[in-house]
Amino acid sequence: MTRKGPERDIDESELVVTHSKDHAAGVPAVLVSLQRGLEQMGAVRTARTLARLNQRHGFDCPGCAWPETPGHRKPAEFCENGAKAVAEEATLRTVGPEFFSEHSVAELAEKTDYWLGQQGRLAHPMVLREGATHYAPIEWDEAYRLIADHLRALPGPDGAVFYTSGRTSNEAAFLYQLMIRSFGTNNLPDCSNMCHESSGSALTESIGIGKGSVTVPDLEYADLILIAGQNPGTNHPRMLSTLEKAKGNGAKIIAVNPLPEAGLRRFKDPQKVGGVIGRGVDIADEFLQIRLGGDMALFQGLGRLLLEADDADPGSVVDRAFVEQHCAGFAEYEKNIRAVDLDVVLEATGLTMTQLRETADAMASSERTIACWAMGLTQQTHGVATIQEITNLLLMRGMMGKPGAGVCPVRGHSNVQGDRTMGIWEKMPDSFLDALDREFSIVSPRKHGWDTVAAIRGMRDGKGSVFMAMGGNFIRATPDTEATEAALRSCALTVQVSTKLNRSHVVTGRTALILPTLGRTDKDIQAGGKQMVSVEDSMSMVHLSRGNLTPVSDQLRSEVAIVCELAEHLLGADHSVPWAQFKGDYDRIRDSISRVVPGCENYNERVRRPDGFQLPHPPRDRREFPTSTGKANFTASPLQWLPTPPGRLILQTLRSHDQYNTTIYGLDDRYRGVKGGRKVIFVSAADLAELGIADGAAVDIVSEWTGPDGVLQERRVRDFRAVRYSTPKGNAAAYYPETNPLIPLDHVAAKSNTPVSKAVLVRLEPAGAH
């Protein structure tokens, strides 16, 4: 019998705060993984799924994009959060027509994200008609006709917005963008716009490709690894095994972060005796507890110290041969960096001169350096320039295109990088569009479309009235919740292709559709038999994913099938793309991908190799740089950082250990000592004392931002508990999506347009005072 989700919702009054942990994983991670699996799936289904998770003949984890080690798999090739992600997707709980008849949209809107997600898998296509209070069941063909009618009624194709989450497979993403461009628009916002867009913008300008240049073996071979603005213990736990191996090979690891993250302190691998009964392995040799937004200052300060070290011993630090042969712009960079004021660097970072010099010495003596980063760098106003500064340091040292060295932006969602490779981008180059047009005899639009922030503005301003999301939870993934909700409510139609119930299903256009889709764990049977999909991990490895569970409902359709069937209704039976053939046999899709997408030649043969294949990366492979200069480009940027005004704090939003992106798995942030709730704000003891706020006091958080018009804007979230925590004075941290309402829509990073979620100016007020 199908099990129902819990009726009880979060009660924040039960929140308990204890001490943070000094290590990650260990036996508790195993116990939590098994507990969540048994609760959601039962014993048999838990065993079947976890045994196949990330295995060669299994399915790719629907969580993060961290790659497997080429050549072998562990018996348990997953982490605690991967097990949680699978439990959520493979749950036996279902949400069908009976559920929606019992619960109005208004009632569901009062529930928390955690409660909504715990109800289970969506089991039937549903429609919310204009003026209705409840979703009602709808047949698939009628749903497709409804979407097609709304799209054809638009004044032009650019009145539609097509969003993509990072979970979508390569095959579905390729067909989704093909359908959208056949329709006539490049409005293809995706979750990358809100996370690593700054990385792509920075690296494309600096080295000619917006992807990382290293592999897992490179990390294991490196002798120095910098990890900045990243929390692998929660967000990419399998990375800790790689770092443990690097440490065993003699690598020095330096963590740069405002918070002391458990995984970067110590790792207890539960698959090893030392991780079960021993103390595990210390990961970071040095912890630079940097102020929010101070990373650019750090990298510029290190640049100056490295140049001065080379002055003292010419040629010992700067790789002159590499710079002269492969780089452009070094003279301008050098002039800019020599003028950096180290006193300003110390003020901006909160570090000591000893820490700065020791880090510079480590970089100067390293033969193989890798720099890793994530949202702590990208979601800053100066995020693009910051990433270019760390790239400058690596170029200066010749750390590009050699084993054990390079750039490593650590992507989040499991196929976010693959979706971009497949054409999910509002600014795809003409060369890609030309190949697409040749393959399918279509005419792709060349006008650039909307990214996520522009799409919200467009819908808000009445320029977009149909919104379709291929996965994800747009309402909770985006900034400025009030503005985003108003934008979606202004639409004539909103469509969500989803596996689970989420907030985006209860904030709707005048008409709304929910289309339930298969997940990674589900068996996908089409006319041509059982199908496989492919994904690309964070290090450009492309491999197959094979679901093997019987879907919880016969009403679920694969993302590929949904796109193909919708395209036939929208574009007509005589359209030049063979949609029906693609739906029946995914090998046909991959054949077309091989002729359109660079680096994907012979796709079907190569993706069936035991570990798949790696996409080309000219800087890594041949020290070739496809930039405007034909070389790697040094950049010179003015120093930017974030002073904290008196009586204010700089807030960063972050994940709990019991969530992945917008999905809330549970209410236990074990590593930070938070249990039973989520509405907390972490503040230093010095700031609490200075602000006159007791540890544990209830506060409202009010963000302050002055817009382009010079008008001060304020946004407020209520009833958070102030928690004393180790964070630099003037900084604070709180979980998203609860704090997304504080982030202004127009507060974005230069060049990338990424929302600035790691630099929100706030003040704290006693709860209920306003």
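**View 1. The largest pocket holds about 1100 Å³ of space.** Let's start here, in what is a predicted model. A total of 40 residues line the largest pocket, and those closest to its centre are I209, G210, K211, R420 and W425. Which helices each supply at least two residues of the lining? They include helix 9 (197-207), helix 22 (416-421) and helix 23 (430-440). Sorted by kind, the lining residues of this pocket divide into 18 polar, 13 nonpolar and 9 charged.

**View 2. Helix 17 (residues 330-338) has the buried residues F330, Y333, E334 and I337.** These four residues cover an arc of only 100 degrees around the axis, which means that they sit on the same side of helix 17. Now look at the face turned away from that buried side: here you will find the exposed residues A331, E332 and K335. What covers the buried residues of helix 17? The cover includes helix 15 (295-312), helix 16 (320-326), strand 13 (327-328) and helix 21 (383-396).

**View 3. E565 is a residue of helix 27 (residues 559-571).** Is E565 buried or exposed? With a relative accessible area of 7%, E565 counts as buried, because buried means under 20%. Leaving aside residues up to four places away in sequence, E565 touches Y144, R557 and K583. Two of these neighbours also make polar contacts with E565 through their side chains: the one to Y144 is 2.5 Å, and the one to R557 is 2.7 Å.

Note on methods: Residues are numbered from 1 along each chain as its sequence is written. This is a predicted model: local features need pLDDT of at least 70, side-chain atom pairs count only at pLDDT 80 or more; totals for chains, interfaces and linings use all residues. Side-chain values use heavy atoms; hydrogens and water are left out. Buried means under 20% relative accessible area, exposed over 50%, partly exposed in between (1.4 Å probe, protein chains only). The arc is that of the directions from the helix axis to the C-beta atoms. Contact means heavy atoms within 4.5 Å. A polar contact is a pair of N or O atoms within 3.5 Å; within protein, one must be able to donate a hydrogen and the other to accept it, and residues adjacent in sequence count only if both atoms are side-chain atoms. On a 1 Å grid over the protein atoms alone, a cavity is a set of points where a 1.4 Å probe fits but cannot get out, and a pocket is an open set with protein on both sides within 12 Å along at least five of seven lines; lining residues have an atom within 4 Å of a point. Grid points are joined across faces, edges and corners, and a volume is the space filled by probe spheres set on the points. Ala, Val, Leu, Ile, Met, Phe, Trp, Tyr, Cys and Pro count as nonpolar, Asp, Glu, Lys and Arg as charged, and the others, Gly among them, as polar.
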